[in-house]
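This briefing is for a reader meeting the structure for the first time. Please look over the sequence and the model, then follow the points below topic by topic.

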Amino acid sequence: MAAGRTGTPAPAPESGNGTAPGRGAGARERVRGGLLQAGLGVVVFSLTFPATAWGLEAFGPWALVGVRSVLAAVIAGGCLLALRVAPPARRHWPGLAVVALGVVLGFPLLTTLALETSTTAHAAVVVGLLPLTTALLSALRVGARPSRTFWAAALAGAAAVVAFTVQQSGGALTAADAYLFGALLVCAAGYTEGGRLARVMPGWQVIAWALVLCLPVTVPGAATALAYEPVHLGAHSVAGVLWLAAGSQFLGMVVWYRGMASIGIPKASQLQLAQPLLTLVWSVLLLGEPLTPAAPVTAAAVLVCIAVTQRARG
């Protein structure tokens with residue numbers, strides 16, 4: 001589908017084995033570009049939990065989610081208006097609603113509620129399971145069929161990340177875990193549906209329209225929350241909210257969906273195995289949380305698993 005009145009060509013469809021179609025240098029260049037974009041998305045997302053912790057210094061959880069979503073929608077809506085992008089076809093709106101419920105509303109709200117009582121290290125267990133969950137949902141939703149080698153490496157990577165993050169948090173389960181596992185499911189659904197839509201429309205428009213679709217909910221929600229939850233702005237909280245809105249909620253999703261459209265949802269999802277470790281690094285640098293000696297060992301194991309999933313056929 002053409003990208004509205006801008007004439008921007010839509011990304012090429014995904015082939016059945018989860019990689020971009022075509023042969024030769026052009027196909028290899030597309031795969032490299034997809035890996036780079038998806039990897040950049042992972043780096044952006046790795047700052048989400050520390051930025052949320054900063055935002056919670058000034059905002060209540062409901063206000064923080066509402067404000068970040070409204071700000072992101074303003075940025076996205078401005079881009080749509082400036083480029084005179086026509087609304088998507090009617091058949092795409094149900095998928096956009098899933099993206100909106102999963103990555104615009106569900107994941108930010110549930111993880112923010114969890115981070116009121118959980119450390120970022122413990123919350124990283126969600127991201128540790130997200131790649132595997134996304135790959136499973138993509139197999140059910142879009143018919144992706146990775147090889148046994150891919151699944152073995154994906155399971156090993158998930159196990160390594162989960163073991164590390166649980167060890168980081170002392171192995172204790174908290175009330176926040178219910179929020180975290182709920183966030184895992186809704187985010188995986190949003191990623192899967194967004195990756196599918198990014199094969200037929202530009203990735204930035206997928207998240208842009210999802211953000212705009214949520215405005216009837218996020219605007220009154222933010223206004224109500226701000227009226228009941230006191231706000232005490234500071235440098236950290238402002239930086240956190242701006243990053244969540246412009247980075248995590250919009251720009252990160254743009255490159256993430258474009259990457260998934262280029263290399264396939266399963267392979268792109270496995271790059272997120274590195275996200276919890278990156279989050280822990282940011283948590284040490286920005287929040288002063290401790291980092292155990294197990295981190296580099298886990299990082300090496302995860303990098304091996306990522307390499308295997310990217311080289312696995314089908």
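Pro 61 counts as buried at 7% relative accessibility, where buried means under 20% relative accessible area, exposed means over 50% and partly exposed lies in between, with a 1.4 Å probe and protein chains only. The model is a predicted one, in which local features need pLDDT of at least 70 and side-chain atom pairs count only at pLDDT 80 or more, while totals for chains, interfaces and linings use all residues. Residues are numbered from 1 along each chain as its sequence is written, and side-chain values use heavy atoms, with hydrogens and water left out.

**Around Pro 61**

- Pro 61 is found in helix H3, helices being DSSP runs of H or I with at least four residues, numbered from the N terminus.
- In sequence Pro 61 and Leu 113 are 52 residues apart, yet their C-alpha atoms are 5.9 Å apart in space.
- Not counting residues up to four places away in sequence, Pro 61 touches Leu 56, Thr 112, Leu 113, Glu 116 and Glu 229, a contact being heavy atoms within 4.5 Å.

**Around Ala 135**

- Ala 135 belongs to helix H5, which covers residues 120–141, and with 0% relative accessibility Ala 135 counts as buried.
- Between the C-alpha atoms of Ala 135 and Tyr 191, which are 56 residues apart along the chain, the separation is 9.8 Å.
- When neighbours within four places in sequence are left aside, the contacts of Ala 135 are Phe 150, Trp 151, Pro 266, Ser 269 and Gln 270.

**Nonpolar cores**

- A nonpolar core is a set of buried Ala, Val, Leu, Ile, Met, Phe, Trp, Tyr and Cys residues joined through side-chain atoms within 4.5 Å, and the largest one here has 63 residues, those with the most contacts inside it being Val 103, Tyr 191, Ile 207, Trp 256 and Tyr 257.
- A second, separate core has nine residues, including Ala 51, Ala 58, Phe 59 and Ala 63.
- Leaving aside neighbours within four places in sequence, Val 103 is in contact with several residues, among them Pro 108, Cys 187, Tyr 191, Ile 207 and Tyr 257.

**Salt bridges**

- Side chains of opposite charge can pair when their charged atoms come close.
- The count comes to two salt bridges, each defined as a side-chain nitrogen of Lys or Arg within 4 Å of a carboxyl oxygen of Asp or Glu.
- One of them joins Glu 29 to Arg 32, with the closest N and O atoms 2.8 Å apart, and both residues lie in helix H1 (residues 24–46), three residues apart, or about one turn of the helix.
- Glu 29 is partly exposed, with a relative accessible area of 48%, and Arg 32 is likewise partly exposed at 48%.
- In the salt bridge between Arg 196 and Glu 193 the N to O distance is 2.6 Å; these two residues lie three residues apart in helix H7 (residues 176–197), and Glu 193 is buried, with a relative accessible area of 6%.

**Cysteines**

- The structure holds zero disulfides, a disulfide being a pair of cysteine sulfur atoms within 2.5 Å.
- Cys 79 is partly exposed, with a relative accessible area of 28%, whereas Cys 305 is buried, with a relative accessible area of 10%.
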